[in-house]
Amino acid sequence: MLQYTIRRLIGMIPIIFLISVVVFSLAKLMPGDALSGKIDPLNSDPEYIEEMRDKMGLNDPIPVQYVRWMSGVVQGDFGDSFVHKRPVMELIGDRLPNTIILGIAALLITYLLAFLMGRYSGRFAYSVGDYLISAFNYLALAIPSFVAALVAIYVFAINLGWVPASGSIGSGVEPGTLDYYLSKAKHTVLPALVLGAMATAAYTQFLRNDMIESSRKDYVRTARAKGTKESAIYNKHILRNSIIPIVTLLGFDIANLFGGAIITETIFTYPGIGYLFVESVNARDYSVMMAIAMMLTILTLIGNLIADLLYGLVDPRIRLS
Amino acid sequence: MKKSAFWLLSVLLIMSVFLAACSGEKANTEKEPKDGTDGETKTEATEGGTVTFGYTQPFKGVFSYAYYEGEDDANALQFMHEGLVATNDELQPEPNLAEWELSEDKTKLTFKLKQGVKWHDGEELTAEDMEYAWYLIADPIYEGPRFANVAMIKGAQEYKDGKADTIEGIKVIDDYTIEVTVTEPSVNLLDNIWSYPEPKHYYGDISSKELPDADQVRKNPIGVGPFKIKNIVPGEMVEFERFDDYWQGKPQLDGVVYKIIDGSLAQGLVQNGEIDVIEAPKDQWEAIKALDNVNPVEADAMSYSYIGFDWGHYDTKKGVVVSDNQKFQNKNLRHAMAHAIDRQAFIDGFANGLGKPLNTPFPSVSWAKIDDSEINQYEYDVEKAKSLLDEAGYVDKDGDGFREDPEGNPFTINFDAMAGAETSEARAQFILQSWQEIGLNAKLNGGSLKDFNLFYDTIEADDPSVETFMGAWGLAADPDPAGIWLSTDKWNMWRWYSEKSDELIKKGVTFPEDSSKDVTEHRQEIYNEWQKLVNEELPIIFFEQRIDPWAINKRVGGVKVTPFGTDEFHKWHIVE
């Protein structure tokens with residue numbers, strides 16, 4: 001297992017290198033740079049723009065720029081954000097906690113709902129309830145997240161006034177107090193619900209299908225023949241086996257957790273990584289954009305590795321070699 | 001972020017905090033004189049309370065006037081800091097933190113600071129703070145965009161280039177007096193010279209390069225304005241509290257919250273009262289202004305849009321535009337293309353009527369705007385457009401429905417516009433159809449709209465495919481057209497070269513020879529001549545001037561709306 005892990009990690013290096021070339025080229029292919037948004041006689045002048053392009057090295061040959069960027073990245077330095085005037089790592093560090101809170105909350109909601117719905121659907125397959133659940137799941141999958149977010153805001157925040165419509169924290173609360181955490185929770189619940197409840201389809205169907213399949217297996221028939229109660233068969237024997245593949249999906253969720261939800265965060269003005277990413281793309285703030293893209297790449301690779309390792313852990317039949 | 005692309009970000013909103021409503025309980029039944037511009041009737045004013053001011057782009061958090069770049073940060077700065085000079089309703093400079101005096105030869109400017117103006121940390125504002133700000137900006141390692149605002153100070157360029165240890169032209173006379181010598185006399189010196197002091201005692205010896213990332217600017221910034229910063233949640237919200245020692249007296253509100261929200265929620269948040277003051281998104285204006293709890297205010301903005309003709313290219317070596325493109329040299333053609341467009345219908349159809357056609361590059365709020373009766377109005381007139389083209393020799397010779405050029409060659413026009421708004425595509429089609437209507441074969445350049453960056457990249461690079469393009473400018477209070485209109489300006493996007501125009505623009509910033517003559521009157525005469533010139537030559541089709549829609553909750557009083565935003569923050573109050 002250790003050997004396997006190390007081999008996989010070494011295998012990642014060329015992939016990361018290739019991806020860095022792609023990320024860098026795509027960034028450079030975008031028209032404009034952080035300074036082309038500054039065409040504004042009120043606040044700037046062409047001499048300043050030229051001078052800054054020079055200072056930032058934007059006039060150097062592309063390979064030179066790439067090597068300069070990459071040598072920083074290798075040392076863990078993603079440069080400074082031109083727009084924010086701060087080191088990129090600090091900027092991401094500021095936003096990461098928000099994104100992780102939102103991501104975990106959404107993931108918990110997804111798992112909880114998917115577990116309940118999947119269990120029901122699996123047990124009462126092809127019943128009306130099962131069809132209703134699949135209908136909901138596919139509908140949720142089909143509705144674009146910005147529509148869901150806007151509807152949720154109008155209903156729960158504006159008409160009913162239960163939760164605030166945007167931001168991650170209310171005004172006038174002292175950090176560390178109970179009010180602070182309550183405010184944080186209140187601000188997180190709606191975006192988390194939109195993110196979480198709309199993403200249940202895959203997990204629910206996974207669980208359902210696995211349960212249906214398991215229910216036809218020999219050990220289930222044996223249990224039935226022995227007169228075990230139907231609920232015990234489902235809750236103890238089948239469910240336990242069917243949960244396994246779901247657990248491994250956790251690995252794939254890691255990148256999502258850190259990557260944030262671009263659209264949902266933007267609509268809720270929730271200052272996380274996704275929001276920062278959109279902002280940076282719009283402002284052509286390359287250093288931030290490339291740093292986030294690289295971070296997500298690496299997390300996805302690691303997530304895949306974790307998923308594979310988990311497989312081996314929960315299912316001894318799978319040998320990692 | 002990008003002020004020149006007004007439609008891209010004309011969305012400014014607020015979202016409020018429910019706590020706000022609860023804090024105005026110390027009811028006080030004093031009658032407050034109202035500012036006329038908010039269009040409210042006199043009602044009881046209550047002391048205290050919190051108002052939420054919103055915006056739809058995240059702020060960057062560079063809270064220093066010397067370094068900030070976008071409107072997003074400026075919206076927060078306006079509550080906490082002020083300059084020595086302010087702009088009055090006539091868009092002329094007026095004394096704020098300081099009075100000034102100009103010497104006989106117009107090269108020495110002396111500021112006399114008001115005494116007793118306090119920074120938020122209790123220290124008094126002194127002349128050294130102003131000197132310090134100029135030094136910060138002229139510093140060789142300064143990376144902000146403001147050097148142009150100190151370049152006129154004698155010795156500033158030398159200091160920036162590292163050839164001098166001090167700036168020769170700055171002299172602090174005493175704590176409240178500072179004298180600055182400029183390289184040459186200029187009528188709009190006070191509009192151009194940097195006038196925001198920076199807290200020298202507070203910044204200590206942080207270098208000019210590191211300041212924008214220092215805690216003194218990012219986490220605990222101070223100013224001399226009516227509200228001081230209490231809490232900053234990066235990218236999301238800034239909370240301000242009242243500054244009791246404010247030099248114009250204690251502000252009436254307890255605090256202000258500056259909050260970022262998503263533009264699509266504007267109407268709902270105004271409606272349920274979570275938003276108090278907001279520059280409304282134009283596409284939601286119809287619905288927002290009909291709300292019961294809103295005072296709608298429409299303010300003429302200092303911005304306009306235009307359709308530029310491509311006249312040639314910019315000669316980078318010589319630093320001057322060369323008008324070598326033959327395509328649009330015919331004046332009748334340009335006039336016809338202007339007459340072909342129904343600008344009022346465009347404004348009504350796409351901007352909820354928030355705009356007015358204009359025919360010179362000065363919006364009507366500018367004091368330098370020429371009287372409409374003296375210039376061509378380019379009213380919508382298809383027949384006139386057609387006859388102008390006939391006259392110029394652009395006629396349809398091969399019967400395909402489109403006119404050929406006078407030599408009989410096919411004549412097509414490429415048009416470029418920016419993508420971004422929902423109606424961008426329809427707007428572009430409107431223009432194209434207007435031109436097709438008079439027989440000109442106009443089409444979108446490359447078949448599609450361009451995003452903001454690509455649009456300006458293509459035009460600035462003088463791409464040969466660019467022929468006509470729709471852009472926009474935001475303007476400063478002073479009417480001096482230099483920066484956009486001189487033949488040496490890189491931002492002369494349409495590459496129009498005219499000696500006459502250059503001469504008038506340069507003359508417009510000189511003092512009258514007869515020193516008894518009023519400077520404004522003198523400039524007005526020159527600018528009138530210049531406006532007649534560009535109005536007749538029509539190097540670009542002047543399209544529309546903007547109107548900014550502001551939604552102000554009826555519970556908030558005293559909000560003054562200017563062409564540049566809101567003002568007089570210390571007079572804002574809660575009306576119950």
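Two residues are in contact if their C-beta atoms, placed from the backbone, lie within 7 Å. The model shown in these views is predicted.

**View 1. The two domains of chain A.** The domain assignment places residues 32–77 of chain A in domain 1 and residues 91–314 in domain 2. Between the C-alpha centres of domain 1 and domain 2 of chain A the distance is 38 Å. Contact between them involves six residues of domain 1 of chain A and five of domain 2 of chain A. On the domain 1 side, the touching residues comprise two nonpolar, three polar and one charged.

**View 2. Confidence along chain A.** Chain A has a mean pLDDT of 86, with 97% of its residues at 70 or more. Helix 10 (residues 230–259) of chain A has the lowest confidence, a mean of 78, and helix 5 (residues 128–142) of chain A the highest, at 92.

**View 3. Nonpolar cores.** The largest nonpolar core contains 200 residues, and Ile292(A), Trp134(B), Ile137(B), Ile153(B), Val256(B) and Ile541(B) have the most contacts inside it. Leaving aside residues up to four places away in sequence, Ile137(B) touches Ala66(B), Tyr142(B), Gly144(B), Arg146(B), Phe147(B), Val150(B) and Trp194(B). Another core, of eight residues, lies apart from the largest one and includes Leu504(B), Ile505(B), Tyr527(B) and Trp530(B).

**View 4. Helix 14 of chain B.** In helix 14 (residues 452–460) of chain B, the buried residues are Phe452(B), Asn453(B), Phe455(B), Tyr456(B) and Ile459(B). Seen down the helix axis, these residues fall within an arc of 165°, so they line one face of helix 14 of chain B. Strand 17 (412–416) and strand 19 (468–474) of chain B are among the elements that cover them.

Key: Residues are numbered from 1 along each chain as its sequence is written. Chains are lettered from A and ligands numbered from 1 in the order in which they are written. This is a predicted model: local features need pLDDT of at least 70, side-chain atom pairs count only at pLDDT 80 or more; totals for chains, interfaces and linings use all residues. Domain bounds come from an automatic or database domain assignment. Ala, Val, Leu, Ile, Met, Phe, Trp, Tyr, Cys and Pro count as nonpolar, Asp, Glu, Lys and Arg as charged, and the others, Gly among them, as polar. pLDDT is the predictor's confidence in each residue, from 0 to 100. Helices (H or I, at least four residues) and strands (E, at least two) are DSSP runs, numbered from the N terminus. A nonpolar core is a set of buried Ala, Val, Leu, Ile, Met, Phe, Trp, Tyr and Cys residues joined through C-beta atoms within 7 Å. A residue is buried if 20 or more other C-beta atoms lie within 10 Å of its own, exposed if 12 or fewer, and partly exposed in between; C-beta atoms are placed from the backbone. The arc is that of the directions from the helix axis to the C-beta atoms.
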